[in-house]
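Student: I would like to learn how to read the features of a structure like this one. Please show it to me, and then take me through it.

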Amino acid sequence: MGSVVAVLTVAGLLGSALMAGVFYAFSAFVMPGLARLPAPRGIAAMQSMNITAVRPALMLAMFGTAALCVALIVCAVRGWGSGYAGWLLGGALLYLVGAVVLTIAFHVPLNDSLAVLDPASADAAGVWNAYLARWGAGNQVRWIAPLAGSGLLAVALLR
């Protein structure tokens with residue numbers, strides 16, 4: 001592995017691990033904490049978090065890491081046959097599919113539907129409970145995949 005690929009791999013590993021940690025925090029204590037609140041307060045808090053999540057710090061970490069992973073896929077294909085290429089490809093794909101694609105295809109639509117929910121409406125508690133279950137199940141994948149991806153990228157560095 002050349003030095004440029006090694007630097008890209010370290011950066012991708014760190015970004016993937018960082019995003020795994022962000023998503024893990026939601027599974028470990030943020031969502032369970034919100035679930036303990038009365039539904040209107042939990043809904044309002046999550047609506048606020050979904051708005052503030054779309055800020056440069058999180059977007060740079062998420063999509064900057066995605067760009068690194070696309071570059072790592074190119075490096076893996078170009079270096080195919082080397083001891084690191086398969087690990088590099090697997091790690092990059094785990095991040096892209098497990099963090100980015102899942103967020104865009106699954107979590108964003110759930111968040112968009114929550115955004116228009118009136119926390120004081122009669123059906124808000126039922127919608128909130130269903131949201132918590134679906135969002136939480138998807139989020140388990142969303143932290144495990146990039147964590148596993150960062151592990152595969154670490155193995156690629158050792159090959």
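This is a predicted model: local features need pLDDT of at least 70, side-chain atom pairs count only at pLDDT 80 or more; totals for chains, interfaces and linings use all residues.

Student: What is a nonpolar core, and which residues have the most contacts inside the largest one?

Tutor: A nonpolar core is a set of buried Ala, Val, Leu, Ile, Met, Phe, Trp, Tyr and Cys residues joined through side-chain atoms within 4.5 Å. Buried means under 20% relative accessible area, exposed over 50%, and partly exposed in between (1.4 Å probe, protein chains only). Here the largest such core has 23 residues, and Met 19, Phe 23, Met 62, Leu 88, Tyr 95 and Leu 96 have the most contacts inside it.

Student: Which elements give two or more residues to this core?

Tutor: They are helix 1 (3-36), helix 3 (56-78), helix 4 (85-115) and helix 5 (124-158). Helices (H or I, at least four residues) are DSSP runs, numbered from the N terminus. Helix 3 gives the most to this core, with eight residues. Another core, of 14 residues, lies apart from it and has Val 30, Ala 39, Leu 117 and Leu 132 among its members.

Student: How many aromatic pairs does the structure hold, and how is a pair described?

Tutor: A pair of aromatic rings is described by the distance of the centres and the angle of the planes. Rings of Phe, Tyr and Trp (its six-membered ring) pair if their centres lie within 6.5 Å; planes under 30 degrees apart count as stacked, over 60 as edge-to-face and the rest as tilted. The structure holds three aromatic pairs. In one, the rings of Tyr 24 and Trp 143 are edge-to-face, because their centres are 4.8 Å apart and their planes at 75 degrees. Tyr 24 lies in helix 1 and Trp 143 in helix 5, so the pair ties together parts that are 119 residues apart in sequence.

Student: Are Tyr 24 and Trp 143 buried or partly exposed?

Tutor: Tyr 24 counts as partly exposed, at 42% relative accessibility, whereas Trp 143 counts as buried, at 18%.

Methods:
Residues are numbered from 1 along each chain as its sequence is written. Side-chain values use heavy atoms; hydrogens and water are left out.
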